[in-house]
Amino acid sequence: MGDEFDDREALTAYLGRQISARRKGRMEDVLASRTRLLTIALEDIYQPHNASAVMRSCECFGVQDVHIIENRNEYCLNPDVDMGASHWLTLHRYRQEGIDNTAVALNALKERGYRLVATTPHRDGCALDDLPVTGPLALLFGTEELGLSAGALALADDYIHIPMCGFTESLNISVCAALALRELTRTLRINGFQWALSDEEKAELRLAWYRRSVRGAELLEQRFFVERGR
């Protein structure tokens, strides 16, 4: 474990030589604002612009992890909407054939201590503003036309909706996600929760971001280990 830690720190510094001080400073600012206390799970989202807009909102509001469930529909992005946001996120994809990927994903989140909060106007629940935030939350969003599956709703611990005053009963998924992320990340930050990443998590992400930022990073990494006699 010690050797792996030393290698990671040294490799991060090695790749960091190729990144400007200004760019590294910006990465540190973003790392300081990242959280895993709040996460998103998307079930069978099929419209690329919606998936991309949700990624962009997650990145903008500092939510690091997105869980993508693909039972019927394949997840894909629209680069013009995503604007590179997914490049900086940690994506967890559940797309194994022949199994209930929803159950696998949501049970895994429960095991990690997340409270599952389904966004739906069709179940009794509370308004977004009234959701008690007492620990890790996973917001669940379903497909554009049908919403969350019965399986996802059954596994949810809570249900929320966004209050509206018009005839239309629901918002576009990407708008709903942006509003929820804005409200809940603000609540996390002002209520004194330990929402920030650990030093270990920051170190792992820092290296991942350096790898994605340096041209020819794979070749440089090979050279690094050759120089260290590995």
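Is Leu171 buried, exposed or partly exposed? In this predicted model, Leu171 counts as partly exposed because its relative accessibility is 33%, where buried means under 20% relative accessible area, exposed means over 50%, and partly exposed lies in between (1.4 Å probe, protein chains only). The model is a predicted one, in which local features need pLDDT of at least 70 and side-chain atom pairs count only at pLDDT 80 or more, while totals for chains, interfaces and linings use all residues. Residues are numbered from 1 along each chain as its sequence is written, and side-chain values use heavy atoms, with hydrogens and water left out.

**Surface**
- Leu171 lies in the loop between strand S7 (158-161) and helix H7 (173-190); helices (H or I, at least four residues) and strands (E, at least two) are DSSP runs, numbered from the N terminus.
- Together with Met164, Val175 and Leu179, Leu171 makes a nonpolar surface patch of about 300 Å².

**Aromatic pairs**
- The whole structure holds 3 aromatic pairs, a pair being rings of Phe, Tyr or Trp (its six-membered ring) with centres within 6.5 Å, called stacked if the planes are under 30 degrees apart, edge-to-face if over 60 and tilted otherwise.
- The pair of Tyr14 and Phe224 is tilted, because the ring centres are 5.3 Å apart and the planes stand at 55 degrees.
- This pair links distant parts of the chain, with Tyr14 in helix H1 (residues 2-16) and Phe224 in helix H9 (residues 217-227), 210 residues apart.
- Tyr14 counts as buried because its relative accessibility is 10%, and Phe224 counts as buried because its relative accessibility is 4%.
- Trp88 and Trp209 form an edge-to-face pair, 5.6 Å centre to centre and with 90 degrees between the planes.
- This second pair also links distant parts of the chain, 121 residues apart, since Trp88 is in the loop between helix H4 (79-82) and strand S3 (90-94) and Trp209 is in helix H8 (residues 199-213).
- Tyr14, Phe224 and Phe225 form one aromatic cluster.

**Nonpolar core**
- In soluble globular proteins, nonpolar side chains tend to be buried together.
- The largest nonpolar core has 31 residues, of which Ile40, Leu42, Leu139 and Phe141 touch the most other members; such a core is a set of buried Ala, Val, Leu, Ile, Met, Phe, Trp, Tyr and Cys residues joined through side-chain atoms within 4.5 Å.
- Two or more residues of this core come from each of strand S1 (38-43), helix H3 (48-61), strand S2 (65-69), strand S6 (137-141) and H7, and H7 gives the largest share, 7 residues.

Definitions and conventions. Patches are made of residues with over 30% relative accessible area and no salt bridge: like charges are joined within 9 Å, nonpolar side chains (Val, Leu, Ile, Met, Phe, Trp, Tyr) within 5 Å. Accessible areas come from the Shrake-Rupley method with a 1.4 Å probe; for residues, only the protein chains shown count as cover. A salt bridge is a side-chain nitrogen of Lys or Arg within 4 Å of a carboxyl oxygen of Asp or Glu.
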